[in-house]
Amino acid sequence: MFFDYSEVRHIHLEVSEVCNAACPMCARFIGRGSRPNPEVTHSVIDLQYFKIIFPPEFVKQLRFINFCGVVGDPITAKELIDELKYLVECNPNINFEISTNGGVRSQSWWRELAQICNSDKRFVSFSIDGLEDTNHLYRRNVQWHKLMENVKAFIQAGGYAKWQFLIFKHNEHQQDEVKKLAKDLEFQECNFKLTNRFVKNNDTISMPVENIENTKKLLELEETIIKKSSPPPGVLFMSTPLDKSQATTVPTNFKYNVSDLKTKKSTHTLEPASDFKPKEFTVEQLENATIECSVWKKHEIYITAKGEIVPCCYLGGRTGRVIQVDESYKKIVEKVQGFDNLVVTESRSIKDILESSYFRDIIESWKIKKIEDGRISTCAEKCGLNNRVIHNKVKI
Ligand SMILES: C[S@@+](CC[C@H](N)C(=O)[O-])C[C@H]1O[C@@H](n2cnc3c(N)ncnc32)[C@H](O)[C@@H]1O
Ligand code: SF4
Ligand code: SF4
């Protein structure tokens, strides 16, 4: 049966909504990278809440947790290492992957992480899209020297590392050099992937000067909020420094005031790689496709940093961009009166949410042919047979 609690084996987990970086095409931003996503509230799953989401009996049935997400970076979660230790204590056979831009935390923190992430079953994937002169063009705010310090500390302490490279026009010429550096640094793997987030070949995204003007403004705003607030437990906020001692908390309902963060157009533009081929769908293709849920094939569910239980990162929770555009999905969420009712609490477990009308309606929607009758176009686009987008993958 689809989304049966006892059959869940994989989790895609967004343990934090916080990120030190500002990648223009990330869902942290809306308006084609021009403005912060107002739904991003800096929620972080702390150890106490982690144990509520993942009681020991549930951890025992799991095989793999992908610490990744849609709008945050897992290494910003204050208690990440304690959470990993808790998982291993409950289930010594559990495996995990941590996907990160690698730009923060101390070397000693990375060495500690290496003690846990030290095999091809428990590893870190570093998202590094270029070399010293290019990585920051997409991974805005990530400082190369800090990143390299962290990577070296992790690998030299026995950490198992993979390099994930997103190919753009500005870094496509560096693939051979990257493979060489990855080998020299003793990465175990190096994978290259074309981004599917441009809509056409000659698409360009102008990059706001987020990392200069706006970051300053954002940090000032955040500091004011920190000073004013007496935060509840469970939510962590960090601006730039990301060691436990420097972490501060803010209320969960903190939202950016978008009008305070208007962005300036920059002369930089982000362009797709030369061999990028956009994938566009006609309504007919979306309505004729047979939907095969790719996450349930792995018996996987997605958990957001707000604790929402949803099937996958494609549909996502309230920070996802799809909810703005996919009417059928919106209606299913409205029927359960919003994402608040999909959040795990002490009295509402993952099992309760998987058994709610939200999941039943999503499953039912796969049989509906017409989008206007309730077919979720995102499901047809992402998991319609023949519609799947294949990415380049090369290993060293
Ligand atoms: C939102 S990030 C969360 C994990 C972590 N912060 C990171 O960036 O690795 C999830 C994934 O989206 C990927 N991503 C970011 N921008 C992308 C883009 N333009 N196209 C495709 N994937 C992208 C990241 O590389 C990462 O693998
Ligand atoms: S590092 Fe990951 S979460 Fe952070 S902005 Fe980039 S893609 Fe988004
Ligand atoms: S988009 Fe729909 S069909 Fe695809 S993984 Fe998500 S829920 Fe399943």
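1. The shell around ligand 1 comprises 16 residues, with Met-25, Asp-73, Ser-99, Ser-127 and Thr-195 the closest among them. The model under discussion is a predicted one, and the remarks that follow should be read accordingly.

2. As to secondary structure, strand S5 (95-100) and strand S7 (161-167) each contribute at least two residues to the shell around ligand 1. In composition, the shell around ligand 1 consists of seven nonpolar residues, seven polar residues and two charged residues.

3. Ligand 3 is surrounded by 13 residues. The closest of these are Cys-293, Pro-311, Cys-312, Cys-379 and Cys-383. By class, the shell around ligand 3 contains ten nonpolar residues, two polar residues and one charged residue.

4. Helix H10 (294-297) and helix H15 (377-383) each provide at least two residues of the shell around ligand 3. The largest share is that of H15, which supplies four residues.

5. Turning to the protein as a whole, the secondary structure amounts to 15 helices and twelve strands. The protein has 396 residues, of which 41% count as buried.

6. A further point concerns contacts across the sequence. Where the contacting residues of the protein are at least 6 apart in sequence, 80% of the contacts link residues at least 24 apart.

Key: Residues numbered from 1 in each chain as written. Chains lettered and ligands numbered in written order. Predicted model: local features only at pLDDT ≥ 70, side-chain atom pairs only at ≥ 80, totals over all residues. Near = placed C-beta within 6 Å. Nonpolar A, V, L, I, M, F, W, Y, C, P; charged D, E, K, R; others polar. Buried ≥ 20, exposed ≤ 12 C-beta atoms within 10 Å, placed from the backbone. Contact = placed C-beta atoms within 7 Å.
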